[in-house]
Amino acid sequence: MRPFPNPHEPWAQDKAELHMHLEGCLEPDLWNKFQRKHSYLDIAPVTTVTYPFTDLSSFLAWRYQGDRLLNDEEDFFDLTWRYVQRALDNHIVYAELFFDPQAHTARGVSLDTVMSGIIRALRQAEQRYGWTARLIPNILRDHPLRTAEDDLAHLEAYGDWIVGVGLDSRELPYPPRLFRHLFDQVRRKGWHVVAHAGEEGPASYIWQALDELGAERIDHGIHAMDDPVLMGRLKIDRIPLTICPWSNKRLGVTTDLSIYYKLFHEGLVLTINSDDPAYFSSYLNANFELISPYFPPDALQQLIKNSFVASFRTDF
Ligand SMILES: [Zn+2]
């Protein structure tokens, strides 16, 4: 990470982050702490260079192994508190944070355990630093729909902490259309809708997320580039894409780092994000640093403004 010589450079400016998975903040020291604490014999300790993934599926195999290490309220507190510290380091002043309820409830960890640890950390951050965040539970494409319905019903008890519901995990072969009925329920509950689409899936998955789920933001959405009509739709309706450059680079989604400026130059609303920063060793500022050679300074400023405009807070 470069030093902060200029307060006008993006790494020294206040930003929002809209695409960050809390389970993706399991840094190696936390991984090893929980592995020892819960006496897992089938999960090895890690170092920062342990992860040999090359694509989304091989990455998710690591991520879901790490998820299994999260078991009690203190684990979820520690995980969330780690992100708060990194957010402060990266000049992130507000975040809409993803988490995967089914990844935990499917193992017998109660949703109340998950939520109480996360919310305790967020309350402490607000009291201590005036730092705020809201939560977006993601439905896992490759888990049974019934469990998603159960978890969403339970999450209604957490009121204002939940700002929306998303869709994640491996895209293929799970087109967004399969989840239409579920997202009808989400919208009826008054929650916003986001969806991972067009990361490994085709542009048609982005169309489905928009038209069949009612998605208001698309997470990743890189494959919109393949469909000029879709590009026009995203531009006219000002649908934000939450872009994650280091994630794309590490998972082989694109090797062309100029693609982000091409999307921006076409008039799309892009935001820059870190996705699963502990696994990619790259929090938000590192993502800005990666793309900054391709963006003129005024465009970088616009990306920062977009992070607030594309959030679900109405007071920015
Ligand atoms: Zn993601």
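**Exercise 1. Strand S3 and its neighbours**

Find how S3 and strand S4 pair, and over how many bridges.

*Solution.* S3 and strand S4 (residues 164–168) pair in the parallel sense, over 3 bridges. Strands and helices here are DSSP runs, numbered from the N terminus: at least two residues (E) for a strand, at least four (H or I) for a helix. Two strands pair if DSSP finds at least two bridges between them. This is a predicted model, in which local features need pLDDT of at least 70 and side-chain atom pairs count only at pLDDT 80 or more, while totals for chains, interfaces and linings use all residues. Residues are numbered from 1 along each chain as its sequence is written, and side-chain values use heavy atoms, with hydrogens and water left out.

Step 1. Turn to S2. It runs parallel to S3, and 6 bridges join the two. Phenylalanine 98 has isoleucine 136 in S3 as its bridge partner.

Step 2. S3, helix H6 (residues 145–155) and S4 make a right-handed β-α-β unit. Right-handed means that, with the strands pointing away from the viewer, the path from the first strand over the helix to the second runs clockwise.

Step 3. Check the cover. In strand S3 (residues 132–140), 8 of the 9 residues are buried. Buried means under 20% relative accessible area, exposed over 50%, and partly exposed in between (1.4 Å probe, protein chains only).

**Exercise 2. Strand S1**

State how many residues of S1 are buried, and what follows.

*Solution.* Strand S1 covers residues 15–21. 7 of its 7 residues are buried, so S1 is largely enclosed by the rest of the structure. S1 and S2 run parallel, joined by 5 bridges. Glutamate 17 has alanine 95 in S2 as its bridge partner.

**Exercise 3. Phenylalanine 98**

Is phenylalanine 98 buried or exposed? Which residues does it touch?

*Solution.* Start with its place: phenylalanine 98 is in strand S2. Its relative accessible area is 0%, so it is buried. Next, list contacts, meaning heavy atoms within 4.5 Å. Residues up to four places away in sequence are not counted. Among those phenylalanine 98 touches are Leu18, Met20, Ile136, Asn138, Val194 and Asp219. Last, compare sequence and space: phenylalanine 98 and valine 165 are 67 residues apart in sequence, and 8.7 Å apart from C-alpha to C-alpha.

**Exercise 4. Salt bridges**

How many salt bridges are there? Which parts does the pair of aspartate 72 and lysine 37 tie together?

*Solution.* Side chains of opposite charge can pair when their charged atoms come close. The rule asks for a side-chain nitrogen of Lys or Arg within 4 Å of a carboxyl oxygen of Asp or Glu. The count comes to 24 salt bridges.

Step 1. Aspartate 72 and lysine 37 form one, at 3.1 Å from N to O. Aspartate 72 lies in the loop between helix H2 (56–67) and H3, and lysine 37 in helix H1 (residues 28–37), so the pair ties together parts 35 residues apart in sequence. Aspartate 72 is partly exposed, at 25%. Lysine 37 is partly exposed too, at 37%.

Step 2. Glutamate 96 and arginine 217 form another, at 2.9 Å from N to O. Glutamate 96 sits in strand S2 (residues 92–99) and arginine 217 in strand S6 (residues 217–220), 121 residues apart. Both residues are buried.

Step 3. Arginine 313 pairs with aspartate 315, with the closest N and O atoms 2.9 Å apart. Arginine 313 is partly exposed at 29%, whereas aspartate 315 is exposed at 54%.

Step 4. Look for a network: salt bridges link Glu27, Asp29, Arg82, Arg86 and Asp89.

**Exercise 5. Helix H9**

Work out which residues of H9 are buried, and which exposed residues lie on the face turned away from them.

*Solution.* In helix H9 (residues 228–236), the buried residues are Leu230, Met231 and Leu234. They cover an arc of only 105 degrees around the axis (taken from the directions from the helix axis to the C-beta atoms), so they lie on the same side of H9. Their cover includes helix H8 (203–211), strand S7 (241–243) and helix H11 (259–265). The face turned away carries the exposed residues Pro228, Val229 and Ile236. Just after H9, arginine 238 takes a positive phi of about 50 degrees.
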